[in-house]
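Subject: Structure handover

Hello,

Here is the structure we talked about, with its sequence. Please open it first, then read my notes below.

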Amino acid sequence: MITIISASTRPTDSTHGVALLFQAVLKGLNKDSRIVTPADFDLPYDGAKDPNWTDIITATDLFIIVTPEYNHSFPGRLKTLIDAEYDAYVNKKIIVCGVSSGSFGGARAVLSLLPVLHKVGFDIFPIDIFTPNVKDILENPAETEKYKARVSEILTKFVV
Ligand SMILES: Cc1cc2nc3c(=O)[nH]c(=O)nc-3n(C[C@H](O)[C@H](O)[C@H](O)COP(=O)(O)O)c2cc1C
């Protein structure tokens, strides 16, 4: 199973739209996926455990994190979700995508997330994906198609 973690929990977020584009690209590659967000789990404090999250990790072969950039990093609730498990992540393949309304495409969020993923044992794909000016990508069909083509090229190598 492929699990896409859409890491924004804001009610009006753009990250979920990007996660849906990833899901559409995967469908085109004949791969089913599910989207989860940190808000789907009962994690009231750091180090809490939700058995639903543990079950999803166990059932997942490939992870995709689509994360917004908040104050030059990734959301705290994504950190709480990652911190809810430890050994279960070891050797699971993961690819990371940053999302931003600005021109750096979430690069600073991605770069701050990678050491955390390394610490908990993920097998991190060496190509990161960046999503600058996310509103243009979501609202301009030509930009959407260009973005999906770029994502498809990378995911084709990731899902083999
Ligand atoms: C709390 C907060 C902090 C943010 N900090 C940054 C930032 O440091 N760099 C950036 O490029 N965009 C930043 N943004 C804007 C996001 O890039 C923008 O909201 C984008 O749509 C992705 O987040 P979303 O999926 O929650 O909408 C921030 C947004 C919020 C809500």
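The side chain of serine 8 has an N or O atom 2.9 Å from an oxygen atom of the ligand. With asparagine 71 the backbone takes part. One of its polar backbone atoms lies 2.8 Å from a nitrogen atom of the ligand. On its own, the ligand has 600 Å² of accessible area, and the protein covers 74% of that.

Keep in mind that this is a predicted model.

Now the wider shell. The ligand is surrounded by 14 residues. Arg10, Thr15, Tyr70, Asn71 and Ser100 are the closest. By type, the shell holds seven polar residues, four charged and three nonpolar.

What is the volume of the largest pocket? It comes to about 190 Å³. The pocket is lined by 13 residues, and those closest to its centre are Arg10, Ser14, Pro68, Ser101 and Val134. Five residues of this lining are polar, four are charged and four are nonpolar.

Last, the overall fold. The protein has six helices and six strands. Along the sequence they follow the pattern β-α-β-α-β-α-β-α-β-β-α-α. The C-alpha trace spans about 40 × 35 × 25 Å along its principal axes. Is the chain compact or extended? A compact globule of 160 residues would have a radius of gyration near 15 Å. The protein has 15 Å, so its value agrees with a compact globule.

Best wishes

Conventions:
Residues are numbered from 1 along each chain as its sequence is written. This is a predicted model: local features need pLDDT of at least 70, side-chain atom pairs count only at pLDDT 80 or more; totals for chains, interfaces and linings use all residues. Side-chain values use heavy atoms; hydrogens and water are left out. A residue is near a molecule or strand if one of its heavy atoms lies within 4 Å of it. A polar contact is a pair of N or O atoms within 3.5 Å; within protein, one must be able to donate a hydrogen and the other to accept it, and residues adjacent in sequence count only if both atoms are side-chain atoms. Accessible areas come from the Shrake-Rupley method with a 1.4 Å probe; for residues, only the protein chains shown count as cover. Ala, Val, Leu, Ile, Met, Phe, Trp, Tyr, Cys and Pro count as nonpolar, Asp, Glu, Lys and Arg as charged, and the others, Gly among them, as polar. On a 1 Å grid over the protein atoms alone, a cavity is a set of points where a 1.4 Å probe fits but cannot get out, and a pocket is an open set with protein on both sides within 12 Å along at least five of seven lines; lining residues have an atom within 4 Å of a point. Grid points are joined across faces, edges and corners, and a volume is the space filled by probe spheres set on the points. Helices (H or I, at least four residues) and strands (E, at least two) are DSSP runs, numbered from the N terminus. The radius of gyration is taken over C-alpha atoms; the globule rule is 2.2 Å times the number of residues to the power 0.38.
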